[in-house]
Amino acid sequence: MRKSAKKDSRNAPLAAGMLTLAVGVAHTGGAAAGDIPNEEARVDVVYENATFARRDVGLSKFRNTLKIDIDRQLGRRGAFDDVGVNLKLRGTFDGVYRLNEDTYGNKAGGAVQLENTVGIPGSSVPHGGGLGSPTNPLTAGLAGLPGGGAFGFNSTDPSAPRYNPNEGLAVLGEHLHRTDGGVAFAVPVRPCDKDSRGCIKDYLDASRQELESPEFNDRWDFIREAYVTGSVPFDDGSSLFMKVGKQQVVWGRTDLFRVLDVINPVDYSRNNIYDELQDIRIPMWIMQAEYRAGATETFDDLNFAVVWNFDKFRPHNIGQCGSPNVILDAGCFMRGMKNLWDNGGTVANFANLGLPGLAATDFGPNQIGIRKAHLPSWSLSNTQLGVKLEGQKSGVGFSLNALTYRSQLPSLRGGIPARNPFDPVGAVDTQPQPHPYPYLIAFDVHFPRVNLIGGSMDLQVDSIKSVFRLEAALTEGEEFPNGLRKRLFSESRVFRYVIGWDRPTFIPFLNKTRAFLISAQLFGQHLLDHELEQRPLGKVGMPDWKDNNIFTLLFKGFYMNDRVSPQVIMAHDVKANATAIAPSIDWLFSDRLKLTVGANVKVGHGARKFDDCRTCNPFHPFSASPGQGPNDGSLGLGGFEPLGRFRAGPIGMAQQEDELQFVLQYKF
Amino acid sequence: MKMRTMTSMLLAAGAIGTAQAATEADVDKSFGPYKSGVPTVAGVKPGTVIDKSNVEAAKGALIPSMAQFIKSGQTTLAVGETYSFGISKNYIDATRKNLNKVSLGANVGDLVGFVAGRPFPQEPDAKDPRAGEKVFWNFQHNNRIGDSYTIWPWYMEYKNMASGKVERTLKQEYHIIQWKHRVDQEPRPEVEPNPSQLLRSGYLKVHEPQDLKDTQLLISRFSDDAKLDEVYLYLGFQRRVRRLASNQVTDPFLGSDLMVEDFEGYNGRMRDMKWEYKGTRDLLVPFYAHNKQKLAEEPKEADFKFIDFGGEGACFPNVTWQLRKTYVIESVPVNPDHVISKRVHYVDAETYALSLNEIYDRKGELWKTFIIAYTDSESHMPKNAGRGVAINDGFSIIDVQAKHCSTGKFKVHLDQEMSPTKLFSVQFMRGS
């Protein structure tokens, strides 16, 4: 399961060289920004413990992090007038996988029952007990299918291939919603070294050790950042600034939302969307070259930057199923689907046998699910390139940005070759199997190329003592689930924007001498090529909202010379009608010791329903509803899984993840 | 006809500044107030230590809050010899060259015809309703930075005055550049291009403690006083530059007792205050020769020692104070919602540095005393000698209500190379 350390060894010499350069002269000292060379390096060592407790779960995080930052300013070196070397190391050990082993570790999960609204043999069946299982009395009815059909999978014989027992499992989405007549299937939840079912090679396949200590992997993530900076000055006062190495590149002017700030992927497994982006951006090997014209006759400041991300592609870490933070619960959906493809599995409430209700059905391997992830290999054409023009004019800061990159979110593309469980012998389906079937829920994972253009600006409006921050981007190439298309996905151009408003405001009865910071943001997303249709049983098309907005509000106060700082952050997803409220208080006990006590509470609507493609009729005529043609697509029967998550959003999907959070930080 | 009359009236109003033309003698007096002798006040002689036993006798030479600190035993004050700090010849020459070319406009904050040097070298006239404004224009355009300077390092400590506990220690660097009206450093008189007509910019970076590391602040003031300052803050933990609203400059700076608007005594637009000249006094102010002080052993710095602090909570600079000619100016915020009700500034007549400032809360009660310690450049580091600049050597701002103070220790470099123009851009903050 562990990936070979050889795979990315091309980065290792550079990283090791920078490590030597920075550490070789490390002392506690300082490095200034101006032309102040300092032969000493500054070294900061910080330990952090984050202990979170989740409602109805118990311990959800016991993360211990050691961070070492080393900066050294070397001054003039050759053509460069201010060379600097920066190295940031980070190592984490999250004890939750051992301390709460029953929920997140090697003992997580168990045997599960899948809903079976047909009621035969009962209102639920065990994983491996659905239609197609020898233990299910309805299986006898499949005898009339060509070759007797190919339903059923191995849930009982450890010595036979594709053994998929009813252990170490959870029902997809069970922590958030009942199955409620929809589809569901079992999801393996143990670390991939303990249970490899559903693990997607090179994507979501972490062992317990990798979940506990995610930085110690074959990408050398313990070297969080390692870069060299320097400027080449020109006679006219302009300069060429270079920054090369493993780094974070931050575009845009907004908090929380990633409209332009999309160059680095993000590790959502660390704490969903709630950690500072600095801590969850995944640094990449990048070269930045920025021509700094400085003030010109027209602009107060003008700069042109080229950003070349030459690192091997990395997607977002969306969280592996079975770990505490699985954004949108997508990692569980994907792990369950991968298990369905590899080993088969029981799908709740699936088959319409002409009886009242629907029968939980045992699919065999290679019939439905996720086959594999196509992670772009390293090649020049797979690198990512951005340009940015940034400046100041008449009190307005602005940027124009363009980027061609790979989507860091997975796109599930249907149309892969699969097997027809109704007709395994090809009696009706005359093409040799496997072959693609329209509207079949069998996918490969892709990370398509996306092109982005956008811009940002900030301006001060003194009449209301406020600063406004604006950011907008238009992308093309993003892919979305779409039940109206035969491969169950389609592209859409997406327009995203953020309007941010910051206002320091005195509230004398709370603090006579210090203003509170009120910062509000409106994030909007508009899918320009959105498709949605009303079908007989419900809406079919793209589950993502065509237009949606999320409001955020930060209210932050400061007391005792800013050593005590309470704050509340709220985020409300308008269409999902889901809200997250995160009050916290920072107490800076000394320059070395900081304590943060907080909570993260969600209110509003949780899971949402959408067409689940049970009525997609991929195996015509066997899977057809009365009157349904071979390429008619879904009739719109839906449930919570699997696509409701795109309507519920990251806040709605985390409704059951209320937490109390304690963070202690100590600087040595 | 009517228009012509109105124009004449406006010109008359605008001519207040030139109504009493300055003379060469005014210039000589302005830059050499001690040529004909130093001030004297009974009971205040070099070598005297003023404490609660003799403070009553020296009260006439003390600002009210300092008298109170001494009376209550919170500090003592050692009197040093008064001497001329000496001002840059280039600055004096620019004053002479541009004499009487400058005038006040119709509104507070409008300065017409200013080129370089001291705009109004004549003595303030108590009968002149805009005398306070003129004195403060002289402060705004004084030669306190020698066109650019760097403070590196700048140690700032937050202290509990009652217990003496140091709550926080920050290590920072600070750079200032004068974009226009330059007299000492090339390019003169202006750094070009300067499309927005910036007047002055300050760039600050925090190095310690770890939680504030890499925080950066950029403040730019425009030549046109009507324009709002542009303030940008880079937060290291966010790696993002945030533009600050103008009223954020009255928040405690990084949690200290100092607000950005307090920097150097007053760091804001002229038109945001009503200025009133309250008279001229001979006062004890923290002006001294750095190398003749008992300096601190910590923090250690190569070839330099910082000034020390003592008194209650170590909130008072341990330097000698000299009796100097001082203009008293009161500034009242135009905005009634401002966090303070007024400041009283004590402006040094030779250098126009603001070494003492008393800040009153919204109820009109004394809130803070801001002491800025100045040394002459001859008595500072050898590389600063000959520059004719009163060097800001450290400060203490004491919150008398909260019994809390923030103190600063500066190592100032009058070194143009250390403050290149590239520092003063938002992009530099992003890229660093």
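Setting aside neighbours within four places in sequence, T75(B) is in contact with F69(B), I70(B), G311(B), E312(B) and F316(B), where contact means that two C-beta atoms, placed from the backbone, lie within 7 Å. The model is predicted, so local features need pLDDT of at least 70 and side-chain atom pairs count only at pLDDT 80 or more, while totals for chains, interfaces and linings use all residues. Residues are numbered from 1 along each chain as its sequence is written, and chains are lettered from A and ligands numbered from 1 in the order in which they are written.

T75(B) belongs to the loop between α5 (64-71) and β2 (77-79) of chain B, helices (H or I, at least four residues) and strands (E, at least two) being DSSP runs numbered from the N terminus. T75(B) counts as buried because 22 C-beta neighbours lie inside 10 Å; the term requires 20 or more other C-beta atoms within 10 Å, whereas 12 or fewer makes a residue exposed and anything in between partly exposed.

A nonpolar core is a set of buried Ala, Val, Leu, Ile, Met, Phe, Trp, Tyr and Cys residues joined through C-beta atoms within 7 Å. The largest one has 112 residues, and V135(B) and Y232(B) are among those that touch the most other members. Beyond its neighbours within four places in sequence, V135(B) is in contact with P124(B), Y277(B), Y327(B), I329(B) and V347(B). Another core, of 111 residues, lies apart from it and includes L114(A) and F523(A).

Where the chains meet, chain B and chain A each give 51 residues to the contact. On the side of chain B that touches chain A, β6(B) provides the largest share, six residues.
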